[in-house]
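Visitor: Please take a close look at one part of this model, the aromatic residues, and then follow the chain elements from there.

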Amino acid sequence: MIETPDPQAMAPNSIDPAEVAKFQAMAQEWWDPSGKFKPLHMLNPTRLDYVTAQIAGQFGRDRAEAAPFAGLDILDIGCGGGLMAEPMARLGASVTGADAAEGNIAIAALHAAEQGLAIEYRTTTAEALAAEGRRFDVVMALEIVEHVADPQAFIATCRDLLAPEGMLIVSTLNRTAKSFATAIIGAEWVMRWLPRGTHDWRRFITPDELARMTHDAGLRVVDRRGMVFNPLGWNWSLSDRDLSVNYLLTALRGTASPSSS
């Protein structure tokens, strides 16, 4: 199901129109594993393994069951074409996918329908959902925080979208020389997996900066893990130590209201 955004409900927001336009232009390629989103297709199994392990641990679910996340409400903010929303739905969760790029939502909704998956897809913002009073057990903000206009405000909005004891999972890129070499020079300039300018290294966020943002938003960081690419095996793996390029962070909301609200 696709819902058209209410322009009044979408302002103010953390959206950077120039960043949205980049992904709108690539929307048709979301489900092409050899297209412009090839890096995400390669990364997705490792990212999915981390996310499902964190959710299962927090909510006492057994990933070996047929629908381990049944009864959980999950928001995928900045969902793109649905690469993470669809696996969450297959695991039994009630999934909402939100993206500011209308083209992304159209592609995501069509693909989900073809797969027989009931996912609520909406062209909207985190702020608009929070203003509606929507609350979720899990908010996934994957590869989006480096593209928003105000990362601190965005993390605070993600907190507002969480139910008490809810979980926020963020993945992004560290701001290091290695990430510039890998994500900019390697992925965009040499391999040409992504158009030049897809990422702005100056907007990358270090793990300590992201941890501080989540703390200031009233969330408690419970895990940080790196995702490391092995060029020999041509695959990704999780790392407890190497957060120099891609990394994930998990934080929890308590039952008490944060002092920084």
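Guide: Trp236 has a relative accessibility of 17% and therefore counts as buried, the cut-off being under 20%. This is a predicted model, and the values are computed from it. Phe229, at 24% relative accessibility, is classed as partly exposed. A pair of aromatic rings is described by the distance of the centres and the angle of the planes. The structure holds 3 aromatic pairs. In one of them, the rings of Phe229 and Trp236 lie 5.4 Å apart between centres with their planes at 50°, so this pair is tilted; planes under 30 degrees apart would count as stacked and those over 60 as edge-to-face. Phe229 and Trp236 belong, together with Trp234, to one aromatic cluster. Trp30 and Phe37 form a stacked pair, with 3.7 Å from centre to centre and 10° between the planes. Trp30 and Phe37 are both buried.

The next element is helix H8, residues 207-216, where Pro207, Leu210, Ala211, Met213 and Thr214 are buried. Viewed down the axis of H8, the buried residues fall within an arc of 160°, so they line one face of the helix. An α-helix has 3.6 residues a turn, so residues three or four places apart point the same way. Asp208 and His215, on the other side of H8, are exposed. The packing partners of the buried residues of H8 are H6, E6, strand E7 (219-230) and strand E9 (246-253). Just after H8 comes Gly218, with a positive phi of about 90°.

Two of those partners, H6 and E6, lead on to strand E5. E5 is joined to strand E6 (residues 162-173) by 6 bridges, and the two run parallel. Within this pairing, Val138 stands opposite Met167 in E6. From E5 the chain crosses through helix H6 (residues 151-160) to E6, in a β-α-β crossover that is right-handed. E5 also pairs with strand E2 (residues 73-77), in the parallel sense and over 3 bridges. Here Leu75 stands opposite Val139 in E5. In a regular strand the side chains alternate between the two faces of the sheet.

Conventions. Residues numbered from 1 in each chain as written. Predicted model: local features only at pLDDT ≥ 70, side-chain atom pairs only at ≥ 80, totals over all residues. Heavy atoms only, no water. Phe/Tyr/Trp six-rings, centres within 6.5 Å; stacked < 30°, edge-to-face > 60°. Buried < 20%, exposed > 50% of the residue type's maximum accessible area, 1.4 Å probe, protein only. Pairing = 2+ DSSP bridges. Helix = DSSP H or I, 4+ residues; strand = E, 2+ residues; numbered from the N terminus. Right-handed = clockwise from strand over helix to strand, strands pointing away. Arc of directions from axis to C-beta. Contact = heavy atoms within 4.5 Å.
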